Amino acid sequence: MSDTIRVHGIVISSMPVGEYDKRIVMLTKEMGKISAFARKARRPNSHLLGVTNAFVYGEIELYRGKSYYTISNIKASEYFTDVTSDIDKMMLGTYLLEVAGYFAQENNDEKERLLLLYRTLQVLGTGSMSLELIRCIFEYRTMVINGVYPNVFECGKCGRKDELVAINNNLEGVKCKFCAERDGYSECRPIKSSTMYTLQYVVGSSIKKLYSFELKPEIENEFILIIERLRVKYLNYEFKSASFLKI
Ligand SMILES: [Zn+2]
């Protein structure tokens, strides 16, 4: 008899396999990304039927077979129905799941990524922020968790921590007023100080407070334009669900 393993996490994807089974990929607190089989989960009377779908968060019981995990039960505590009941939110939510799943690794500490995903889905459900801004904040913090993102806290040329006024054209860092003026803004582009602060905030904030701010429209627009450029460089992958996004 194999021992039951208990983990906490969210179902990232769920695929039908064979006649009645499903193959589930989950992002968990204890084991990072794992995939497992849910036997007979597509039978109408299965206790796994409603809880082995994407967006379900809860306590997952599984056991290890010879070469794969099998799910015995999921006690769901969150379904994110505010997200799944709205087509635009669901599309973005699906993208968030795909991005988190792509970068998460097996047997790796993915607690922060899971927390980011959970918090982002919560905010997406409330509708308190534009979908575009939610996407960009999530993406930028994902770059930070991945460990590959521009240093926005000091001038890449002289190390100054204040008077940061521009982002380098290679998107690898920022520049202070003095260095930017010296090179005549030829290698960098000016950005507003509130946008610079927003970039720093998204890097340094706790996940809990990550979405607790409001931006003036011109700052939001500039922030989004920068993240769109960073996305190409740092999240360089064609996510299937991205093609369905209107934003
Ligand atoms: Zn400088």
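The legends below describe close-up views of a predicted model.

View 1. The chain is divided into domain 1, which spans 4-78, and domain 2, which is built from 86-149 + 194-244. The centres of domain 1 and domain 2, taken over C-alpha atoms, are separated by 25 Å. To the contact, domain 1 supplies 14 residues and domain 2 supplies 16 residues. On the side of domain 1 that touches domain 2, the elements that give two or more residues are S1, S2 and S3, and S1 gives the most, with 4 residues. By class, the residues on this side of domain 1 comprise 9 nonpolar, 3 polar and 2 charged.

**View 2. The barrel of 5 strands.** In the order S1-S2-S3-S5-S4, 5 strands close into a barrel in which the pairing is mixed, and from one strand to the next the twist averages 50°. Helix H2 (residues 87-103) packs on this sheet, where it touches strand S1 (4-17), strand S2 (21-28) and strand S3 (32-38), and the direction of H2 makes about 115° with that of S1. Helix H3 (residues 111-126) lies across S1, S2 and S4, and runs at about 60° to S1.

View 3. Strand S4 (residues 57-64) pairs with strand S5 (residues 69-78) in the antiparallel sense, over 8 bridges, and a hairpin joins S4 to S5 through 4 residues. In this pairing Gly-58 stands opposite Ala-76 in S5. S4 is also joined to S1 by 7 bridges, and these two strands run antiparallel; here Ile-5 has Leu-62 in S4 as its bridge partner.

**View 4. Helices H2 and H4 side by side.** The axes of H2 and helix H4 (residues 131-146) come within 11 Å of each other and cross at roughly 5°. With angles under 35 degrees counting as roughly parallel, H2 is therefore roughly parallel to H4. On the H2 side the contact is made by Asp-88, Leu-92, Leu-96, Val-99 and Phe-103, while H4 contributes Leu-131, Ile-134, Arg-135, Phe-138, Thr-142 and Asn-146. The residues of this contact between H2 and H4 divide into 7 nonpolar, 2 polar and 2 charged.

View 5. An open sheet is formed by 4 strands in the order S6-S8-S7-S9, with mixed pairing. Its edge strands are strand S6 (151-155) and strand S9 (188-190), each of which pairs on one side only. With direction ignored, neighbouring strands of this sheet are turned by 35° against each other on average. Strand S7 (residues 164-168) is joined to S9 by 3 bridges, and the two run antiparallel; within S9, Pro-190 stands opposite Ala-166. Helix H6 packs on the sheet, touching S6, S7 and strand S8 (173-176), and the direction of H6 makes about 120° with that of S6.

**View 6. The crossing of helices H6 and H7.** Helix H6 (residues 193-204) and helix H7 (residues 217-234) pack at an angle of about 55°, and their axes are 9 Å apart. H6 and H7 are therefore oblique to each other, and their crossing is right-handed. The contact involves Ser-194, Thr-195 and Thr-198 of H6, together with Ile-219, Glu-222, Phe-223 and Ile-226 of H7. By class, this contact of H6 with H7 has 3 nonpolar, 3 polar and 1 charged residues.

How values were computed: Residues numbered from 1 in each chain as written. Predicted model: local features only at pLDDT ≥ 70, side-chain atom pairs only at ≥ 80, totals over all residues. Axes fitted to C-alpha atoms, helices over the stretch in contact; angles between N-to-C directions. Parallel < 35°, antiparallel > 145°, perpendicular 65-115°, else oblique. Left-handed = near helix turned anticlockwise from the far one by under 90°. Contact = placed C-beta atoms within 7 Å. Nonpolar A, V, L, I, M, F, W, Y, C, P; charged D, E, K, R; others polar. Pairing = 2+ DSSP bridges. Domains from an automatic or database assignment.
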